[in-house]
Every structure is written in structure tokens, then in C-alpha cells.
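I opened a new structure today and kept notes as I clicked through it. Here is what I looked up, entry by entry.

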Amino acid sequence: MFSAIDHQFMARALRLAGRGKYWARPNPHVGCVLVRDSIVVGEGFTQPAGGDHAEVVALKAAGDAARGSTAYVTLEPCAHTGRTPPCSLALITAGVARVVVGLRDPNPKVDGGGIRQLLSEGIEVEAGLMAANVESQLAGFLARQRRGRPRLRMKLAMSLDGRTAMASGESQWITGPQARQDVQKLRAESCAVVTGIGTVLADDCALTVRDESFGHERLPPPMRRALRVVADSHLRTPADAAVLQGDQPSLLLHSREAHSNLPPGIDHTALPRAGRGLAPADIVGELSARECNEILLESGPTLAGAMLQSGLVDQLIVYMAPVLLGSHARPLLDLPLDRMAEALRLRLIDRRQIGDDHRFIFAPQQSES
């Protein structure tokens with residue numbers, strides 16, 4: 001049975017974990033708090049890949065005070081050697097007396113191994129405290145470990161009458177500055193931001209994460225920023241396209257039949273052709289193989305509709321502006337449904353006002369997220 005004090009310090013560990021959400025990937029962002037005699041003696045959160053995990057940061061901060069302490073860790077400590085040594089062994093060596101775990105790690109390399117190692121050394125272990133909060137915080141990482149693919153979120157911006165651009169293609173800006181700033185944070189939380197070649201040719205989008213949108217928040221270094229991905233079957237992306245510029249990494253996904261005229265140094269991968277384009281499952285599979293936990297889709301109606309119909313979309317994040325664009329404007333999705341029985345049902349997860357706009361988060365009813 002967990003005490004009120006246990007809840008207090010696990011909540012603190014969760015807040016710490018949130019500070020690593022922009023830079024820990026592909027690792028899960030984890031928080032750890034070390035407590036002895038009801039006093040925090042050390043705390044930390046996951047550093048960029050190759051750096052210290054949360055437990056090691058906290059142990060270094062605590063020093064000798066870690067001996068006899070209780071460690072509150074949002075995710076089960078790892079028991080294997082990857083880019084860094086096992087965290088379970090670090091806790092054992094430091095003399096921690098008790099470990100409270102938020103959630104067991106489903107990663108096959110861990111999956112209870114850390115807990116078993118701690119127990120074998122006589123350390124008291126309790127798991128499951130505030131597990132639902134950890135599930136929410138690490139949704140993308142957990143999805144990739146449990147089902148073999150990342151969490152896929154689709155961002156859509158529309159007018160009150162469900163349109164995304166005028167017939168001419170003019171679309172800047174439907175939503176206001178606060179909504180656009182919110183999208184910047186979605187991008188920063190993501191491992192990959194995906195768009196289609198149609199959007200690149202029409203808008204010359206950069207898909208960057210802009211530092212000024214975050215105020216005092218600490219952003220990851222450039223190497224940890226989202227991979228910008230273009231689904232481009234025929235490799236029509238211009239070499240000078242904005243999405244290929246700057247220090248934020250880019251990737252072009254194209255069909256095996258496409259011929260590349262791109263200059264050297266541009267990352268591109270061939271995938272099987274599927275109908276008029278690339279199969280959504282192949283796009284997601286390639287990004288999963290690259291250890292992406294969170295994918296954000298920002299595309300036009302064709303790719304967005306294909307992704308939604310594929311059943312791979314976990315959430316739709318819809319920004320609705322109080323404006324009418326009229327019946328000649330472009331639709332939100334290319335979704336050729338003919339019968340009511342084909343309608344895609346959505347479950348509302350969250351809604352809130354952001355500036356003058358409204359943001360809705362939906363999950364397809366067949367989705368587990």
C-alpha cells in the first residue's frame with residue numbers, strides 16, 4: 001500500500017521526467033527522486049541518448065546520502081548494458097534500501113529484469129504507483145515496445161466549415177499565433193514530423209522547431225530535434241526545399257522505382273510502391289526501425305486521409321479557427337466514404353481554447369491510445 005508521502009515524491013519524479021521530453025529520445029524520459037528521512041537527497045531526469053539515465057543523475061547528486069534511501073523512479077530501472085551501464089546495478093551499488101517504480105518497462109531487454117535484480121539483492125521494491133500517469137507521459141515509447149510501432153498523431157488545422165485552404169492553395173494563416181506556438185511544442189515532443197510531397201511543393205514548409213516559441217523552456221540540442229520526413233514517391237522534392245535546409249535532420253521516403261537527382265548528403269530511403277504512393281504501414285515501419293517513438297503527421301488531405309484509413313492513427317489533434325472559408329475551399333481530408341456504415345467514429349479525449357482557436361484531441365474508436 002502506497003502512502004501519501006509515496007504519492008508526493010512520485011508526482012515530483014513525474015514532473016522531473018517531463019523536463020526530458022524534448023531531448024531523451026529514443027530513450028523514454030524518466031524521472032528519479034531519492035529520499036532519506038523524508039528529505040530529498042538527489043534527483044534527476046534522463047539525459048540525451050548516451051548520457052546518464054535519471055537514476056544515475058540522482059545518485060551522483062546524492063553521493064553518500066543515497067545509502068539507505070528510497071528511490072522513486074517513474075519507469076522500471078534498466079538491467080542491461082546499452083549505451084550506458086544498468087541502472088539497477090547503480091542503485092544496488094549505492095546502497096538504496098527501497099525502490100518505488102511507477103511502471104514496469106515493457107522493453108524486452110528490461111521487462112521485469114530490473115525489478116528482479118533489485119529484489120535478488122534484498123532491496124524492497126514496489127511497483128505500480130501512479131502508473132496511469134506514466135502511461136500517458138510515455139505513450140509513444142510504450143506503444144513501440146508493446147506493439148512494435150510508434151504512436152502516430154495527426155495534426156489538422158481547419159476553419160469552422162472544415163476547410164484547410166482556399167481553392168488557390170492560400171492557407172496562411174487559418175489559426176492564430178497561440179495555436180501555432182502549440183504546434184511547435186508538438187513538433188519538439190516528436191521524434192519525426194511527416195508530410196507529403198504535395199505540401200512541400202505547395203507551401204515549401206520547413207517543419208522546423210523554433211526556439212522563440214518556448215520562452216524560458218530548455219530545448220534539446222539540434223541533434224535531438226525531430227526528423228523531418230517527406231513521403232515523396234517520385235523524388236520530386238527540390239534540392240533547395242526548406243525542409244532539406246538547416247541543421248535539423250531530414251529524410252525523403254520514395255518508391256524503389258524513383259530516380260534520384262538529389263545532391264549527396266541527403267538522407268533518403270526506398271520503400272515498396274503501393275497504389276499511387278507509399279503504404280502508410282511502410283512509412284511507419286521505417287520510422288519505427290529508426291527508433292522513433294512519436295510521429296507527428298502534418299500533411300495535406302491525401303496523405304492524411306490514407307493514414308487515417310490505414311488504422312495507424314492514434315490521435316487527431318484538430319485546431320479549429322473561428323473563420324469560414326466557403327464551399328470552394330479545400331477539404332480537411334481526402335476520405336472517399338460512400339455509406340454511413342463506413343464512417344470513422346472518434347472519441348473525444350480533450351478540448352480547450354487556445355487563443356481565439358479551439359483545440360480538440362480525438363482518438364479513433366479502434367485505437368488503443
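**Entry 1: Asp232 and its surroundings**

I started at Asp232 and listed its contacts (heavy atoms within 4.5 Å). Leaving out residues up to four places away in sequence, Asp232 touches Ile197, Thr237, Leu253, His254, Ser255 and Leu278.

Before going on, I noted what I am looking at. This is a predicted model, numbered from 1 along each chain as its sequence is written. Local features need pLDDT of at least 70 and side-chain atom pairs pLDDT 80 or more, while totals for chains, interfaces and linings use all residues, and side-chain values use heavy atoms, with hydrogens and water left out.

Back to the residue: Asp232 sits in the loop between β9 and β10. Helices (H or I, at least four residues) and strands (E, at least two) are DSSP runs, numbered from the N terminus.

Is Asp232 buried or exposed? I found that Asp232 is buried, with a relative accessible area of 0%. For this word I use these cut-offs: buried is under 20% relative accessible area, exposed is over 50%, and partly exposed is in between, with a 1.4 Å probe and protein chains only.

I also checked a pair: Asp232 and Val200 are 32 residues apart in sequence, and their C-alpha atoms are 9.4 Å apart in space.

Ser255 was on the contact list of Asp232, and I looked it up next. Ser255 belongs to strand β10, residues 250-255. Ser255 is buried too, at a relative accessible area of 1%. Apart from neighbours within four places in sequence, Ser255 is in contact with Asp232, Ser233, Ala270, Leu271, Arg273 and Leu278. I see that Leu278 is listed for Asp232 and also for Ser255.

**Entry 2: Asp105**

Where does Asp105 lie? I found Asp105 in the loop between β4 (98-103) and α4 (113-120). Asp105 is buried, with a relative accessible area of 5%. Not counting residues up to four places away in sequence, Asp105 touches Leu75, Glu76, Val110, Asp111, Gly112 and Phe141. I also compared Asp105 with Pro85: they are 20 residues apart in sequence and 16 Å apart in space, C-alpha to C-alpha.

**Entry 3: the cysteines**

A disulfide is a covalent bond between the sulfur atoms of two cysteines. Here the test for one is a pair of cysteine sulfur atoms within 2.5 Å. How many disulfides does the structure hold? I counted 0 disulfides.

Cys32 is buried, with a relative accessible area of 0%. Cys191 is in no disulfide either, and the nearest cysteine sulfur, that of Cys292, is 5.1 Å away. Cys191 is buried, at a relative accessible area of 8%.

I went through some backbone angles next. The peptide bond from Arg25 to Pro26 is cis, with omega near 10 degrees. Pro26 lies in the loop between α1 (4-18) and β1 (31-36).

Ser38 is not a glycine, yet its phi is positive, about 65 degrees. I found Ser38 in the loop between β1 and β2 (39-45), and at 55% relative accessibility Ser38 counts as exposed.

Asp204 is another non-glycine with a positive phi, near 50 degrees. Asp204 lies in the loop between α8 (197-203) and β9 (227-231), and at 42% relative accessibility Asp204 counts as partly exposed.

Then I looked at helix α10 (residues 301-310), whose buried residues are Leu303, Ala304, Gly305, Met307 and Leu308. Gly311 follows α10, and Gly311 has a positive phi near 80 degrees.

**Entry 4: zooming out**

I ended with the whole protein. I noted 10 helices and 18 strands. Of the 369 residues, 52% count as buried. The C-alpha trace spans about 70 × 45 × 40 Å along its principal axes. Among contacts between residues at least 6 apart in sequence, 69% join residues at least 24 apart.
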